[in-house]
Amino acid sequence: MENQHSDCRRYVPVDAAKGICRRTGGMVNLEDPPCRDLIQLPKCKYCAGFLSGEQEELGTCTAEADHPWTYPELVATTCSWFLPRESEGKTENPALEQNVGLSPVKESLS
Amino acid sequence: MAKEIGSATAGVEGLTTLLSSKGFTLDCQSGGEAPLELTAREVQKEPTARAGALRDLYFQTLSSVSLEFPYWYTRRWRQLEGEVPVVRRAEALKMAFSHLTPTIYPGERLVGGKTIYYRGSFPMPWLSEGYFMAVQDQLYQAALEKGSAAADQVTKWGSGGGNVTENFGSVVSIAGKFGIPRQEVPALLELARAWVGKSVDDVGHKYEQMIPDYPLKENLMHSVICMFDSGYTLPQGREATNYYFPLQHGLEGVKEIARTHISEVAGEAGGDGLRGMDRLYFYQASILVLEGIQSWIGNYAKEARRLQQESEDLLLQNECGELADSLEWIVCRQPRTFREALQLIFLLHTAVLNEDCISGLSPGRVGQILWPWYEQDREAGRLGEMEALELLELYRVKMTCYDCFAAMGVVGGVLSGNTFNHLCLGGLAKDGGSATNRLEMLILEAGMTCATPQPTLGLLYHERLPEDLLLQAIECNKTGTGYPAWLNDEVARTFLLRQYGPEGMDVEEARAWSVGGCLETSPGSWHELTLGGRRYWIPGGSGQPTSVGVHFLSLPKILECVLFNGRDMRRDVQIFPPQDRPLVTYEELWDTFCSYFEMAVQALCRANNIQHDIWRKQNMPVLHSLLKPDCLETGYHIGNLGYRYNATYNVESCGTANLVNALTALKTCVYQDKSHTLEDVRQAILANFGFQTAEEVGSYSLAAQALRSGGEVWEEIHHDLLAAPKYGNDDPRADTILAQWEQYFSTVARRFQSLYGFPLYPCQISVSTHGPMGAVTLAGPDGRLAGTTFADGSMSAYPGTDRNGPYALFASATCWDHSRSQNSQMNLKIHPSAARGAQGARKLLELTRAYLRQGAFHIQYNIVDSKVLKDAQAHPENYRTLMVRVAGFTQYWVEIGKAIQDEVIARTEYEFI
């Protein structure tokens with residue numbers, strides 16, 4: 001799945017189609033490709049506990065014991081189960097205590 | 001001299017032309033002629049740059065659906081099978097609030113929102129999921145059609161305002177109103193599936209089928225004699241909320257109160273064998289929900305802190321730091337400043353709206369509630385008036401960003417996309433003195449400098465209000481925003497004492513009222529607030545939702561059934577049992593009408609009682625309950641009658657003026673003059689008086705309709721019915737029939753009981769139902785043509801039929817006792833030139849006073865040139881910011897449907913007052 005503007009921590013979601021880029025101050029379309037300065041926003045699709053489903057737009061959260069279904073675009077900045085794929089071993093999302101999703105894309109994307 | 005309202009289809013003879021040739025007109029102008037050129041509104045002001053930028057962002061924003069809240073709610077709910085319902089619900093709410101993504105937009109000093117989006121909302125499938133199941137294939141197909149949002153598509157966003165009227169690019173339209181990213185459609189449908197057979201709609205439907213008159217109920221709904229069920233659509237609202245407890249104790253303090261009570265009530269029935277034990281679960285649920293709210297506010301604080309740390313701009317760092325400081329404070333404690341108090345009440349309001357599907361949640365008398373902080377900030381030099389004004393402007397923008405995702409057909413057909421957060425000014429203080437203050441002047445000023453639909457304003461009028469406030473309100477009316485509405489404080493208090501006296505309301509408490517929603521008189525209570533060592537009595541809502549129960553009955557359509565022996569001739573379906581009465585006298589006609597009306601109320605009341613009963617058992621509000629007296633004190637939530645006032649369910653009507661005009665015409669032409677038989681009238685109605693349908697013509701106003709070829713044979717009877725006496729002219733022939741109807745309505749409504757065992761009462765506002773209800777109604781004995789929109793409100797005259805000036809209209813409207821009803825509604829359209837200047841303002845104030853002094857409950861104004869509205873209909877792209885008063889609410893012109901637009905254009909325009 002290719003990155004889009006809405007995958008960036010600097011994307012301020014305005015509506016279902018567009019948002020504001022905090023870097024430029026301009027309006028950008030949600031699905032358009034981001035610039036090179038993308039800072040990855042925590043989403044289910046970037047979580048180590050996310051398991052893709054048969055249908056591209058759905059998946060499973062294996063981080064919680066009962067494995068509830070979820071969807072890849074769900075923003076996870078407030079999710080205590082979020083674990084970036086590269087950071088194995090962590091059990092909690094530091095989102096609730098600190099800033100998360102601030103790692104540059106080159107560090108967080110496999 | 002008369003002017004035609006609209007033009008007929010080219011080449012076809014229009015109604016106005018036909019009538020004109022017979023020396024009879026449907027006037028759209030009264031009291032003179034409007035200037036030929038387009039006349040702008042006299043008063044036009046601008047917000048601060050900050051508020052203006054945020055309002056501009058709103059204008060660019062699409063109404064959008066986010067799934068975060070329903071996703072987390074459903075995820076948690078499914079994990080708690082077997083838990084006590086109120087605790088299970090509280091856990092689900094806590095999970096949902098805790099996981100909302102906080103978004104802070106550039107320039108914001110007040111933060112928070114229903115969703116991740118600026119103008120976001122979300123479905124609550126636990127209330128109703130049926131719509132999504134019905135259209136799932138269609139939504140899937142739309143989601144599969146991938147495409148990118150091209151620039152040319154982006155430029156179309158202005159048309160229709162923020163409504164997503166069709167799929168485009170990566171956005172899928174839901175019901176022609178809301179947009180959702182196509183990637184999220186499968187998740188939306190997965191959520192809906194989780195609630196099949198479990199939602200309030202589904203469970204309620206299972207049991208409502210057991211009422212003896214269920215087939216009638218279904219027929220009433222399918223024929224749009226009733227507009228919608230209330231138990232799973234908008235189960236709360238049309239009420240004033242209450243912020244007292246968090247404002248006094250802070251959120252942590254409220255939790256502490258609940259904790260204290262737990263130790264007192266656990267395992268104790270407290271003398272109440274039915275509800276006593278439930279108190280423990282309610283207090284536990286309260287703590288859980290408050291923890292969720294605290295997490296949610298705390299997440300905004302963290303986001304503000306993050307932005308502060310990220311920013312390299314010193315000014316921005318300071319602003320974000322201030323924001324974080326205030327949010328971190330109010331997570332637990334009583335607000336220290338006006339800004340913190342305003343922030344807290346906005347967040348609480350938003351949280352209540354997220355807890356349940358609600359329209360018409362009124363913040364109440366905000367200027368009086370926040371006065372303690374304003375007064376002390378001003379005295380301490382912490383707050384300038386300009387800063388307060390900007391905060392109030394920002395508050396308006398935030399409130400306007402609210403959207404309500406109700407069951408389909410409700411949002412567009414009834415609400416016109418409006419959310420009805422009615423803020424009240426004026427009224428009386430607890431001791432009977434005038435309650436207004438300087439802050440209320442600023443609220444009015446912000447309503448002018450930052451004109452937005454929300455919160456709409458209402459002035460609780462009494463004779464002791466100061467002249468400067470009244471003139472400020474008139475100036476605000478002259479901006480053309482439609483607010484403030486003028487409401488008669490004394491009439492409301494009389495109604496309240498009659499309705500809630502049996503529950504203990506006294507004269508002092510009646511003074512704490514507010515308007516909920518459009519114009520629903522809503523009971524309130526006083527609480528003593530302590531701040532900085534001083535004590536203040538502040539008002540707040542203390543009653544259950546209103547406009548729940550029997551939701552909008554089409555009076556003209558019921559009369560149509562009377563004329564056709566209980567049958568809906570449009571659908572060719574038998575609705576009511578045949579009466580087989582010859583209707584040889586007017587009294588027989590009236591009795592049959594009453595009989596059908598009562599059958600309809602009975603069936604709808606029973607069905608909605610069941611729906612609301614399921615709602616209170618499975619979907620009871622926890623947050624809203626603990627905010628309102630006396631739930632926190634007693635431990636009873638709303639469903640356990642914890643609110644102080646519970647006799648709030650009502651019967652709503654639509655089409656009063658058309659009913660009165662139709663009955664008057666029948667009485668005159670058929671029963672008195674005998675110029676036509678009832679059968680003649682029936683045949684003329686079925687033939688639509690020889691006219692095309694409104695859909696064929698493409699307009700929903702009467703005067704724009706066009707004759708069919710050969711339709712002239714109905715000309716005489718149509719003319720005679722139109723020429724019969726009409727409501728709104730101080731003509732006793734019509735007014736006695738209005739008085740008869742009002743007397744009957746206020747008496748008969750009380751014969752029916754809500755699920756809580758209290759009597760119903762009349763509610764007489766149309767919202768937007770006069771459009772869709774008119775659309776399915778045949779022509780009427782009043783001369784109205786098939787498919788055209790009814791008169792709005794209940795006291796507004798049918799467009800073009802009030803020919804004797806506003807004072808004659810007022811005399812007609814006040815021929816009955818308005819305090820016998822929860823409300824009445826009068827909309828008046830006035831050309832800007834008629835109220836121009838200081839003299840015009842005085843005249844408008846005197847006009848208003850004259851009406852209210854005659855005992856009327858409400859009046860509101862559209863001060864606008866009808867030519868501007870016609871131009872806006874033709875060129876909506878030039879009028880994104882234009883607002884009009886519809887019926888108890890103000891809305892952006894481009895976001896209301898054509899039927900209502902036509903009706904607002906057609907309303908009589910007064911050129912002189």
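The structure is a predicted model. Between chain B and chain A, an area of about 3,800 Å² is buried, and the rule finds 3 salt bridges across this interface. Helix α12 of chain B, which spans residues 278-310 and holds E291(B), also gives the largest share of the side of chain B that touches chain A.

**Interface of chain B and chain A**

- On the chain B side, 52 residues are in contact with 37 residues of chain A.
- Carbon and sulfur atoms give 57% of the buried area of about 3,800 Å².
- Polar contact across the interface involves 14 residue pairs, with both residues at pLDDT 80 or more.
- Several elements of chain B give two or more residues each to the side that touches chain A: the helices α3 (68-79), α4 (85-98), α8 (185-194) and α12, together with the strand β5 (178-181).
- From α12(B) come 7 residues, the largest share of that side.
- Sorted by class, the side of chain B that touches chain A consists of 26 nonpolar, 14 polar and 12 charged residues.
- A salt bridge across the two chains joins the side chains of E31(A) and R182(B), with an N to O distance of 2.9 Å.

**Hairpin of β4(B) and β5(B)**

- Strands β4(B) and β5(B) run antiparallel and are joined by 4 bridges.
- The two strands form a hairpin with 3 residues between them.
- Within the turn of this hairpin, A175(B) has a positive phi of about 60°.
- In a regular strand, side chains alternate between the two faces of the sheet.
- Strand β4 of chain B (residues 171-174) is covered on both faces, with V171(B) and S173(B) buried on one side and V172(B) and I174(B) buried on the other.
- S173(B), one of these buried residues, has G179(B) in β5(B) as its bridge partner.

- E291(B) lies in helix α12 of chain B.
- The relative accessibility of E291(B) is 24%, so this residue counts as partly exposed.
- Apart from neighbours within four places in sequence, E291(B) is in contact with K94(B) and K255(B).
- A485(B) is 194 residues from E291(B) in sequence, and their C-alpha atoms are 38 Å apart in space.

Technical notes:
Residues numbered from 1 in each chain as written. Chains lettered and ligands numbered in written order. Predicted model: local features only at pLDDT ≥ 70, side-chain atom pairs only at ≥ 80, totals over all residues. Heavy atoms only, no water. Buried < 20%, exposed > 50% of the residue type's maximum accessible area, 1.4 Å probe, protein only. Contact = heavy atoms within 4.5 Å. Buried area = accessible area lost by both parts, 1.4 Å probe. Salt bridge = Lys/Arg side-chain N within 4 Å of Asp/Glu carboxyl O. Polar contact = N/O pair within 3.5 Å; in protein donor to acceptor, adjacent residues only side chain to side chain. Nonpolar A, V, L, I, M, F, W, Y, C, P; charged D, E, K, R; others polar. Pairing = 2+ DSSP bridges.
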